[in-house]
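A walk through both is given below.

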Amino acid sequence: MSALALTGEDSLTGGLPAPGATDRRRRRSSAGWLLFPSLTLVLAGLVLPLALMARTSVAHFDAASPDLVGFTLENYARFFGEPFYLMILARTLVVALSCTAICLVLGVPAAFVISRVESRALKTVLILATIIPLLMGNAVRAAGWMVLLADKGLINSALLSAGLIAEPVRILYTGSAVVIGLIAVLLPFMVISLESVFENIGTAYEEAAQTMGAPPWTAFFRVTLPLAMPGIFSGCLLCFVLAMNAYATPVLIGGPSFQMMAPKVFEQAIKVYNWPFAATIALVLMAVTLVLSVASSLALQKRYGVL
Amino acid sequence: MAGTRSPSPRSLSDGSFRPVMVGGCVAAFVMVLSPLVAIVWISFFENKIISFPPTGYTLDWYRAAAAMPQFRDGFVTSLKLGVVATLVSLIAGVPAALVLARGRFPGREAIQSLLLAPLIVPGIVAGAALYMFLIEVELASGVQVAMTFWGLALAHSLIALPWTVRLVTASLVGLDPQLKEAALTMGARPLTAFRLVTWPLIRPGVVAGALFAFIASFVDLEKSLFLVGPGVTTLPIVIVNYLEWSIDPTIAAVATVQIAVISAGLVLTDRYFKLARAF
């Protein structure tokens, strides 16, 4: 419980004399009680399960019994030893990186325009139009892409009836469809993180640069974008992490032959019932995502100073 | 620096800045909004097999969807789960936010990260882990939890918790802790001080937190995937299962109902609490 103890009262009271010793003690015990329900919930629902998952990933798989037996690295050896699984990891990385890059290219102008719109009403509408899709859930958006991209979907029937194509073009159940679907899912996250950054930078620097003769593009690339770098980085990181872990979009839009990491976890746990291997894939996915996030943030820190 | 006047990408002319930026913005919104517009539009198509242009418009698919028990049950289960998860996340999250907003203390960062962790750990990983954990609990105790309503309720409470913690904490940032101390010094009982001083200040955050918590629970797919069972299936999972077999205006009608529920909730939230502050 000592970690919860409230010391450093000065910062609480803004430098005024600290409250009396009894008050401090009361605060300490009340902090414990106030934090108890939420911490219990997270411990029981997340921390313990993740610990069990780590244990499961080093257990020996026995199809006959669900008991966790043995300590072995065979599941990890299997993952990194079979080209099939390395291919899935590589494909997941390629999809996540391409989605992040395209989200950046589309997200920067969108966020910039929203942050510079003068009409308050239009700005509210644009922000709502960004946030509402973000919270709409993946199932509904995947359904939207399916009706648009299917062989008999809206795009193909529109092209057919316009006489532009003779045969439906296969879009659904391809890698490009997954990338398109994921961009639509991730773009709002990028736009919403960048919008507040451009908003905070304000227009003063751009105006100063332009007053001194910089053309709009120069002002944007030499002044505004470098200032927005920390926000751009956190937006990219968010997109990358979410794309790495995407489930609904690859399953529904990519179809059974376009396999990515998160659907593999589900398949191994629920369809094959190989929990140790499912746990291994899940942890590899988390570890790869974490290592790349930390490495890229360190690299950027070196280049741009404190982020 | 004599060369500052030369534009960095030489090929871009000065006049192209605005059109390119606005064009990118329009392209971004087309990408984001087109699946939603398409699904709403198709839900009114008269023909069962999607073709363009439609032969006519009808509301029949909404009637057809409402008559299908799997969608009705899924909707009711998601609604019940959303309410339970929101209540649990408020009971657990509001007191925690009050402590976090008191200011710096040792371990504060760690506790905050722990409480926001359910937002960061990928849904599929957290769902798989919780599923394995609940099966182990079941093996040890003999009580079935996985694939029951209460197993799902635990998962959904965790989905909801970070939102209440985050939004209530956000509504308390910058709040002077001395306000409450002043009330206490002047003889108010702790409960009275809470009711008259703290509560009015956190109310917008609590309302927004509750609405966000409900929405996050209602639309969740990945975490619930492992935990649903016969008789307890959430609406997003019913939608996904249906989509694996067919794409037709009936599923578009179901999706449109979900879009309407969520949009109404968010527009309502925005009146209490500027949505952009939640991110």
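Predicted model: local features only at pLDDT ≥ 70, side-chain atom pairs only at ≥ 80, totals over all residues.

As background, nonpolar side chains in soluble globular proteins tend to be buried together.

Apart from its neighbours within four places in sequence, B:Ala128 is in contact with A:Met53, A:Val265, A:Ala269, A:Ala278, A:Ala282 and B:Phe226.

The meeting of the two chains can then be viewed as a whole. On the side of chain A, 90 residues are in contact with 93 residues of chain B. Helix α2 of chain A, residues 21-57, supplies the largest share of the side of chain A that touches chain B, namely 16 residues. Sorted by class, that side of chain A holds 68 nonpolar, 19 polar and three charged residues.

Is B:Val206 buried or exposed? B:Val206 counts as buried because 20 C-beta neighbours lie inside 10 Å, and 20 is the number from which a residue is classed as buried. Leaving aside residues within four places in sequence, B:Val206 is in contact with B:Leu90, B:Val94 and B:Val168. For B:Leu90, the separation from B:Val206 is 116 residues in sequence, whereas the C-alpha to C-alpha distance is 7.7 Å.

Two tyrosines of chain A call for a look at the backbone. A:Tyr173 is not a glycine, yet its phi is positive, at about 65°. A:Tyr173 sits in the loop that links α7 (154-161) to α8 (175-201) of chain A. A:Tyr273 likewise has a positive phi, near 65°, in a residue other than glycine. The loop that holds A:Tyr273 runs between α12 (261-271) and α13 (275-304) of chain A.

How are these tyrosines classed by exposure? A:Tyr173 counts as partly exposed because it has 18 C-beta neighbours inside 10 Å. A:Tyr273, with 12 other C-beta atoms within 10 Å, is exposed, since a residue with 12 or fewer falls in that class.

Technical notes: Residues numbered from 1 in each chain as written. Chains lettered and ligands numbered in written order. Contact = placed C-beta atoms within 7 Å. Helix = DSSP H or I, 4+ residues; strand = E, 2+ residues; numbered from the N terminus. Nonpolar A, V, L, I, M, F, W, Y, C, P; charged D, E, K, R; others polar.
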